[in-house]
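Let us look at one protein chain together and ask, step by step, how its description is reached.

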Amino acid sequence: MELVTDKIFLRPEKSDLPRKMEISELAERFGIFADLQAAKDISLNFGLGATVPFYSRLRESGYNKTYMRMYDNVKPFLKLQLKYSIR
């Protein structure tokens, strides 16, 4: 299980919206996660499952007024990550 949070800052071009906005997203990833050590300096991270979104909202930066709540579907994911260190 992984908790995924994103916060994106933007400046909309529409005149009826505030100058600085932010999109906040909160989702959780359920699935199978594994870390494999291939060698002393090389490891592989693996994940397979689904991302379940809890909420996503658009609001003015620095204020609590929410302009829009956005909804998303459950999405499958596959994550492969190779980590290495050079000495």
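Q: Which residue is the bridge partner of L58 in strand 4?
A: In this predicted model, the bridge partner of L58 in strand 4 is M68.

Q: What makes strand 3 and strand 4 a pair?
A: Two strands pair if there are at least two bridges between them, and strand 3 (residues 42–60) and strand 4 (residues 66–70) are joined over four bridges, in the antiparallel sense; therefore they count as a pair.

Q: Which residue in the hairpin of strand 3 and strand 4 takes a positive phi?
A: There are five residues between the strands of this hairpin, and G62 takes a positive phi near 85 degrees.

Q: How many helices and how many strands does the protein chain have?
A: The protein chain has zero helices and five strands, and from the N terminus on its elements run β-β-β-β-β.

Q: How do you know what the radius of gyration of the protein chain says about a compact globule?
A: The globule rule is 2.2 Å times the number of residues to the power 0.38, and for 87 residues a compact globule would have a radius of gyration near 12 Å, whereas the protein chain has 18 Å. Along the principal axes, the C-alpha atoms fill a box of roughly 55 × 35 × 20 Å.

Q: What share of the residues is called buried, and why?
A: Buried residues make up 18% of the 87 residues in the protein chain, and they are called buried because their relative accessible area is under 20%.

Methods. Residues are numbered from 1 along each chain as its sequence is written. This is a predicted model: local features need pLDDT of at least 70, side-chain atom pairs count only at pLDDT 80 or more; totals for chains, interfaces and linings use all residues. Side-chain values use heavy atoms; hydrogens and water are left out. Helices (H or I, at least four residues) and strands (E, at least two) are DSSP runs, numbered from the N terminus. Buried means under 20% relative accessible area, exposed over 50%, partly exposed in between (1.4 Å probe, protein chains only).
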